[in-house]
Amino acid sequence: MRSLPVLLADDDRDQLRYLEDLIRTLRPHWTVVAAIDDIAELPNVIRSERPELCIMDIGFEGANGIDAMRDIDGAPPIIYVTGDASAAGRGFDSPAIVFI
């Protein structure tokens, strides 16, 4: 089975570790190419690592994951993960493939 390069982005480092553990357990053929907690790194990491999927939070300190991804040309498909119910509606008006 082909490896899928995945980028994780969440400003909560515990959530990043949890997502990495989930991927290792449930999708061992996926490869986490980067796990970032600073949304300012997002454009450079997407350009350098070329992930084929991004799993990310919506709410970052001082920034919004949906808006950040809209500004990146050639962004990969996105799965948004958030605990903020008020942000959930915005996810459906975005390029996300899944919203959790």
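Me: How many helices and strands does the chain have?

Reply: The chain has 4 helices and 7 strands. Helices here are DSSP runs of H or I with at least four residues, strands are runs of E with at least two, and both are numbered from the N terminus. Keep in mind that this is a predicted model, where local features need pLDDT of at least 70, side-chain atom pairs count only at pLDDT 80 or more, and totals for chains, interfaces and linings use all residues. Residues are numbered from 1 along each chain as its sequence is written, and side-chain values use heavy atoms, leaving out hydrogens and water.

Me: What makes strand 1 and strand 2 a pair?

Reply: Two strands pair if DSSP finds at least two bridges between them. Strand 1 (residues 4–9) and strand 2 (residues 30–36) are joined by 6 bridges, so they pair, and they run parallel. From strand 1 the chain passes through helix 1 (residues 13–26) to strand 2, a right-handed β-α-β crossover. Right-handed means that, with the strands pointing away from the viewer, the path from the first strand over the helix to the second runs clockwise.

Me: Why is L42 called buried?

Reply: Buried means under 20% relative accessible area (exposed is over 50%, partly exposed in between; 1.4 Å probe, protein chains only). L42 has 0% relative accessibility, so it counts as buried.

Me: Which residues is L42 in contact with, leaving aside its neighbours within four places in sequence?

Reply: Contact means heavy atoms within 4.5 Å. L42, which lies in helix 2 (residues 42–49), has such contacts with L7, A9, I36, M56, A68, M69 and I72.
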